[in-house]
Amino acid sequence: MQEIIYLGGGCFWCTEAVFDRVRGVLDVESGYANGQVPNPSYEQICEGTTGHAEVIKLTFDPQQIDLQAVLEIFFGTHNPTTLNRQGNDVGTQYRSAIYTTSSQQNDAATRFVQALNEQNLFGVPVVTEVQPLQSYWPAESYHQDYFANNPHQAYCAYVVGPKVHKFLETFSQYAKKD
């Protein structure tokens with residue numbers, strides 16, 4: 001059995017690199033979700049006019065990792081409090097988002113965000129949008145496994161690498177064993 005959920009945590013290179021290391025994750029694919037333009041290009045996404053968010057399509061085995069743990073990792077490895085921004089990446093494509101594939105996922109994600117806000121865990125409101133998936137398009141092939149293929153590229157070294165390190169440090173119980 002497997003489940004699929006779509007997570008937007010800013011740049012998909014970061015989110016993909018983190019979830020590639022999570023036990024129970026069967027596949028991670030970078031792409032574009034919930035916009036109005038069919039099969040958009042990265043250049044179109046960067047213009048900010050398509051409505052898409054950079055996301056990962058996350059396929060996981062709920063027998064090995066449940067949705068609650070997926071959400072804990074997701075919220076623990078990006079900033080869900082900045083609207084349309086992650087660090088220096090600014091634009092609607094970088095919004096914090098969860099796009100669900102079932103009503104159970106939607107309810108669980110909505111409750112999770114509500115609980116974070118009730119607990120005031122981040123000191124400011126969580127602005128992550130939770131919606132059913134409306135559309136998804138895979139990103140171009142050069143975006144797939146970007147960190148694995150380009151670990152010494154500057155963005156990877158200074159932005160993606162620290163997020164991966166944070167995951168490994170904070171969520172080691174969910175890390176794949178080498």
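This passage describes the fold of the protein and then several of its elements and residues.

The structure is a predicted model, in which local features need pLDDT of at least 70 and side-chain atom pairs count only at pLDDT 80 or more, while totals for chains, interfaces and linings use all residues. Residues are numbered from 1 along each chain as its sequence is written, and side-chain values use heavy atoms, with hydrogens and water left out.

The protein has six helices and eight strands, where helices (H or I, at least four residues) and strands (E, at least two) are DSSP runs numbered from the N terminus. Along the sequence these elements follow the pattern β-α-β-α-β-α-β-β-β-α-β-β-α-α. The radius of gyration is 15 Å, close to the 16 Å that the globule rule gives for 178 residues, so the protein is as compact as a globular protein of that length; this radius is taken over C-alpha atoms, and the rule is 2.2 Å times the number of residues to the power 0.38. The C-alpha trace spans about 35 × 35 × 35 Å along its principal axes. Of the 178 residues, 48% are buried, a class defined as under 20% relative accessible area, with exposed meaning over 50% and partly exposed lying in between (1.4 Å probe, protein chains only). The protein exposes about 8,600 Å², of which carbon and sulfur atoms supply 50%; accessible areas come from the Shrake-Rupley method with a 1.4 Å probe, and for residues only the protein chains shown count as cover. Among contacts (heavy atoms within 4.5 Å) between residues at least 6 apart in sequence, 75% join residues at least 24 apart.

Strand E1, formed by residues 3-9, is mostly covered, with five of its seven residues buried. Pairing of two strands is assigned if DSSP finds at least two bridges between them. By this criterion E1 runs antiparallel to strand E3 (residues 53-60), to which five bridges join it, and Ile-4 has Thr-59 of E3 as its bridge partner. E1 also pairs in the antiparallel sense with strand E6 (residues 96-100), over four bridges, and here Tyr-6 stands opposite Tyr-99. In a regular strand the side chains alternate between the two faces of the sheet.

Helix H3 is largely enclosed by the rest of the structure, because eight of its 10 residues are buried. The buried residues of H3 are Leu-67, Ala-69, Val-70, Leu-71, Ile-73, Phe-74, Phe-75 and Gly-76, and what covers them includes E1, E3 and E6 together with helix H1 (12-19), H4 and helix H6 (154-170). Thr-77 lies in the loop between H3 (67-76) and strand E4 (85-86), and Thr-77 is likewise buried, with a relative accessible area of 10%. The side chain of Thr-77 reaches the backbone oxygen of Ile-73 at 2.7 Å. When residues up to four places away in sequence are not counted, Thr-77 touches Val-18, Lys-163, Phe-167 and Phe-171.

The structure holds zero disulfides, a disulfide being a pair of cysteine sulfur atoms within 2.5 Å. For Cys-46, the closest cysteine sulfur is that of Cys-11, and the separation of 9.5 Å is too far for a bond; Cys-46 counts as partly exposed, at 36% relative accessibility. For Cys-156, the closest cysteine sulfur is in Cys-14, at 8.0 Å, again too far for a bond, and Cys-156 is buried, with a relative accessible area of 0%.

Asn-120 lies in the loop between H4 and strand E7 (129-132) and is partly exposed, at 44% relative accessibility. Asp-145 lies in the loop between strand E8 (136-138) and helix H5 (146-149), and Asp-145 counts as partly exposed at 35% relative accessibility. With residues up to four places away in sequence left out, Asp-145 touches Glu-16 and Asp-20. Although Asp-145 and Phe-12 are 133 residues apart in sequence, they are 9.9 Å apart in space, C-alpha to C-alpha. Ser-103 lies in helix H4 (residues 103-119) and is partly exposed, with a relative accessible area of 49%.

Definitions and conventions: A polar contact is a pair of N or O atoms within 3.5 Å; within protein, one must be able to donate a hydrogen and the other to accept it, and residues adjacent in sequence count only if both atoms are side-chain atoms.
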